[in-house]
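Please keep the sequence and the structure in view while reading.

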Amino acid sequence: MKIGAYALHNAVLVAPMAGITDRPFRRLARRYGAALAVSEMVSSRPELRGSRKTLLRLDHAGEPGPVSVQIAGSDPAMLADAARFNVGRGAQIIDINMGCPAKKVCNVAAGSALLGDESLVARIVEAVVAAVDVPVTVKIRTGPSPEQRNAVRIARIIEAAGAQMLAIHGRTRACMFEGQAEYQTIAEVKCHVAIPVIANGDISTPEQAKTVLQRTGADGIMIGRAAQGRPWLFRQITHYLATGELLAPPAPREMGAALVEHLDGLYDLYGDEQGTRVARKHIGWAVRELPGGDGLRAAVNGMTAAAAQRTAVNDYFERLAA
Ligand SMILES: Cc1cc2nc3c(=O)[nH]c(=O)nc-3n(C[C@H](O)[C@H](O)[C@H](O)COP(=O)(O)O)c2cc1C
């Protein structure tokens, strides 16, 4: 699959998740084989560019390319400017968020709220494509509500406006995260556009990845929540798609090494205090199904020193491996 000049080495991508797919998460997922990891969304509002949160989201140091940065907003000129700004900061692909149902985004008619205004979708994509000379991609849901599944029309508009890849989460805006993702609409979109289409939503095993690819005809898949605490899922899925063979989860020693690598990345990016706080949820996800995981989670939740948290995690996995 190609996005502009960038050839991806497989069809498995990381879904952007604000507060989760930061630089340490993306680097780990890429190391385990994900072909592309879109950044957490950054606001297009220029007054937020200097905020600590935005600056941390704009830090791509050491990240393997192509670096894809997602921008969110509703004003075409502002999004075009944000795209230029991010390309200046190292973005090699600009992704536009038209899929997020979060209130904070939708209150200003951004994210998936845009799907209800087809002419605005066209103006936004045209403005961003004209503003930068890197590929522009878009992430959408299947429509504003189950009664208005307009993804096929939106996809054609997005393609005509010059976007070079489209990712679709198989839920409508109104569905939030309820029920099951559906893939029929994604299959219909795939039949109506020539740009690469990426299917997303509720894919959590190698077998599901294969089934969704077969049912939708999509060029690739995007994995979000299922990879939380399990970055090796990208290796398991890419291996299964390539060979048909299921890989066992890694042994405790490798799991521990991956988690410690993740934690070191968090402490490095956020500093000790925020880093140990951000780390808690990732530790919780990593050990949720492991013996004694609850005890470790309770212990690290009270820790504010990175060295102590790191040691607790390391010791836990050493015990598990022994
Ligand atoms: C905590 C969280 C944050 C998210 N943030 C974003 C975001 O910043 N941009 C975006 O396009 N989608 C965002 N999403 C949606 C995901 O990219 C993805 O479409 C959704 O989780 C469904 O895929 P999954 O079932 O594989 O998780 C977010 C989802 C979650 C759970």
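## Helix α1

The residues R23, P24, F25, R26, L28, A29 and R30 are the buried residues of α1, where buried means under 20% relative accessible area, exposed over 50%, and partly exposed in between (1.4 Å probe, protein chains only). Helix α1 covers residues 23–31 and is mostly covered, with seven of its nine residues buried. Helices (H or I, at least four residues) and strands (E, at least two) are DSSP runs, numbered from the N terminus. The model is predicted: local features need pLDDT of at least 70, side-chain atom pairs count only at pLDDT 80 or more, and totals for chains, interfaces and linings use all residues. Residues are numbered from 1 along each chain as its sequence is written, and side-chain values use heavy atoms, with hydrogens and water left out.

The buried residues of α1 pack against β3 (12–14), β4 (36–43), α9 (233–243), α10 (252–270) and α11 (272–287), with contact defined as heavy atoms within 4.5 Å. Just after α1, G33 takes a positive phi of about 110°.

## The largest cavity

How many cavities of 30 Å³ or more does the structure hold? There are two. On a 1 Å grid over the protein atoms alone, a cavity is a set of points where a 1.4 Å probe fits but cannot get out, and a pocket is an open set with protein on both sides within 12 Å along at least five of seven lines; lining residues have an atom within 4 Å of a point. Grid points are joined across faces, edges and corners, and a volume is the space filled by probe spheres set on the points.

The largest cavity has a volume of about 140 Å³. Its lining consists of 15 residues, and L28, G229, P231, L259 and H262 lie nearest its centre. The elements that give two or more residues to this lining are α1, α10 and α11, and α10 gives the most, with four residues. By class, the lining of the largest cavity has 12 nonpolar, three polar and no charged residues. In this classification, Ala, Val, Leu, Ile, Met, Phe, Trp, Tyr, Cys and Pro count as nonpolar, Asp, Glu, Lys and Arg as charged, and the others, Gly among them, as polar.

## The second largest cavity

The second largest cavity has a volume of about 50 Å³. The residues V42, S43, S44, R49, T54, L58, A82, F85 and N86 line this cavity. Both β4 and α3 give two or more residues to the lining, and the largest share, three residues, comes from α3. Four residues of this lining are nonpolar, four are polar and one is charged.

Helix α3 (residues 76–88) also contains A77. Is A77 buried or exposed? A77 counts as exposed because its relative accessibility is 52%. A77 and S44 are 33 residues apart in sequence, and their C-alpha atoms are 9.6 Å apart in space.

The lining of the second largest pocket has 10 nonpolar, four polar and three charged residues.

M255 is placed in helix α10. M255 is buried because its relative accessible area is 11%. Not counting residues up to four places away in sequence, M255 touches W232, P249, P250, L290 and F317. The C-alpha atoms of M255 and A321 are separated by 9.9 Å, although the two residues are 66 residues apart along the chain.

## The surroundings of the ligand

The ligand is surrounded by 17 residues, the closest being P16, Q70, N200, D202 and R225; a residue is near a molecule or strand if one of its heavy atoms lies within 4 Å of it. A backbone N or O atom of P16 lies 2.7 Å from an oxygen atom of the ligand. For D202, too, a backbone N or O atom lies 2.7 Å from a ligand oxygen atom. In H169, a polar side-chain atom lies 3.5 Å from an oxygen atom of the ligand.

## T172 in its loop

T172 lies in the loop between β8 (165–169) and α7 (184–192). T172 counts as buried because its relative accessibility is 0%. Leaving aside neighbours within four places in sequence, T172 is in contact with R141, T142, G143, P144, S145, P146 and R149.

Note on methods:
Polar contact = N/O pair within 3.5 Å; in protein donor to acceptor, adjacent residues only side chain to side chain.
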